[in-house]
Amino acid sequence: MSAMRRDRVRNRQRLALPSETGRIRAVRRLELALSLALLCQFLLGMAVNLFVKVPADHPGAKPPEYFSGVAQSVAWALAHGGIWLALHAGLGLALVLTALAALLTATRSGSRAAVVSTTVGFLAVLGAGFNGGSFLNYGEDFSSMIMASLFAVALGSYVVGLWRIPTVAAPS
């Protein structure tokens, strides 16, 4: 029997403590919510891509320092970027916070699969967000492509996490 198969069998057979059970369920709920929110974010991103023209001279555009430019650009997008861009930026910020909450919950769950999937997902969501900020700052299409690619990595990570994290059955 392969090591990976043994781990799966061991995970299914192991009885979790009640606190671990609750945390594992919480991680699975967060990963499902993140997967659905990422799909909404993708659709909002498509609307932005098709229907929004980001001006080249908004606050935060072409900044001398990247991070302050991102902060200014995102603030501008939320306040003055139009409905599609504001929703996309706002959901992006919510995704980063939710992905962080999932990662913190996973670290306390006792599930290695939960930690791995939420770590990869969080890093991909964070990277997608920074590339969204980079797109606002500099208007380069490759930033949009990287953002979309990291969306796919994050979604894949959370879906694999839902499949891989053991469902904890009540003791019989």
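Guide: Ring pairs link Y66, F67 and F130 into a cluster. Rings of Phe, Tyr and Trp (its six-membered ring) pair if their centres lie within 6.5 Å; planes under 30 degrees apart count as stacked, over 60 as edge-to-face and the rest as tilted. The model is predicted, so local features need pLDDT of at least 70 and side-chain atom pairs count only at pLDDT 80 or more, while totals for chains, interfaces and linings use all residues. Residues are numbered from 1 along each chain as its sequence is written, and side-chain values use heavy atoms, with hydrogens and water left out.

The structure holds four aromatic pairs. One of them joins Y66 and F130, a tilted pair with 6.3 Å centre to centre and 45 degrees between the planes. Because Y66 lies in helix 3 (residues 66–80) and F130 in helix 5 (residues 112–138), this pair ties together parts that are 64 residues apart in sequence. Helices (H or I, at least four residues) and strands (E, at least two) are DSSP runs, numbered from the N terminus. F67 and F130 form an edge-to-face pair, 5.7 Å centre to centre with 90 degrees between the planes. That pair also links distant parts of the chain, with F67 in helix 3 and F130 in helix 5, 63 residues apart.

As for cover, buried means under 20% relative accessible area, exposed over 50% and partly exposed in between (1.4 Å probe, protein chains only). Y66 is partly exposed at 21%, and F130 is partly exposed at 32%. F67, at 53%, is exposed.

Now the setting. The protein chain has six helices and zero strands. Of its 172 residues, 40% are buried. Contacts (heavy atoms within 4.5 Å) with a separation of 6 or more are 74% between residues 24 or more positions apart.

Helix 5, which holds F130, also gives the most to the lining of the largest pocket, with 11 residues. A pocket here is an open set of points on a 1 Å grid over the protein atoms alone, where a 1.4 Å probe fits, with protein on both sides within 12 Å along at least five of seven lines; lining residues have an atom within 4 Å of a point. The lining comprises 42 residues, and H88, A128, G132, G133 and M147 lie nearest the pocket centre.
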